Amino acid sequence: GEYDLLYCPRGKTGDVTIPTSIVQVSPKAFYGVAISNVYFAEFDKNDTEHYGKPLLSIGSIADTTGINNADTYSVFGLCPNLKTVKFPSHVDVVYAYAFGSIASYNSSGVSIIFNQDSVNGVAFKMNAIRGIHATKLILPPVREIGSYSFAYLSALEEFELPESSPLIEI
């Protein structure tokens, strides 16, 4: 079946692996949890019946006029030990503020890694990965970039975008 990930247990530490049965990661799913690494399972490419289906959404449609949006809609906010988030090829959309509130709580920096063999390309909505303390950002082919999606990433040391990305000329 298909499921939404509503909340990671607040006492969880260490690594978390999300199964392919998760199709939606809700706002605040990992908010404030002391996890270190989040890995999303990948479909077997040889399984043509299930590969890339269903597509995965991170966060939810946000009210972009509110004052506390980063805290309200953040999926990974206030995770003090977060080091890596690794996404599979079947991500469809990363909604606004999905990574909000990481900046001041993680001084060591976060690596955000998307599988570059994206099924359909990923849509990054307004403020999707904005103002966080990310040191590494590896993107998939991108089909949509909202305003300020990658703004204020002052700690960024490594950035990759595949040449196959239809929106950006390299």
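**Contacts and rings**

A: Ser111 touches Lys83, Thr84, Val85, Thr135 and Lys136, leaving out residues up to four places away in sequence; contact means heavy atoms within 4.5 Å. This is a predicted model, where local features need pLDDT of at least 70 and side-chain atom pairs count only at pLDDT 80 or more, while totals for chains, interfaces and linings use all residues. Residues are numbered from 1 along each chain as its sequence is written, and side-chain values use heavy atoms, with hydrogens and water left out.

Q: Is Ser111 buried or exposed?
A: Ser111 is buried, with a relative accessible area of 15% (buried means under 20% relative accessible area, exposed over 50%, partly exposed in between, with a 1.4 Å probe and protein chains only).

Q: New topic: how many aromatic pairs are there?
A: The structure holds nine. Rings of Phe, Tyr and Trp (its six-membered ring) pair if their centres lie within 6.5 Å; planes under 30 degrees apart count as stacked, over 60 as edge-to-face and the rest as tilted. Phe76 and Phe99 are a stacked pair, 4.9 Å centre to centre with 20° between the planes.

Q: And are those two buried or exposed?
A: Both Phe76 and Phe99 are buried. Another pair, Phe114 and Phe124, is edge-to-face, at 5.4 Å centre to centre and 80° between the planes.

Q: How buried is Phe124?
A: Phe124 has a relative accessible area of 0%, and Phe114 is buried too, at 2%.

Q: Which residues form the aromatic cluster?
A: Phe30, Phe40, Phe76, Phe87, Phe99, Phe114, Phe124 and Phe150 form one cluster.
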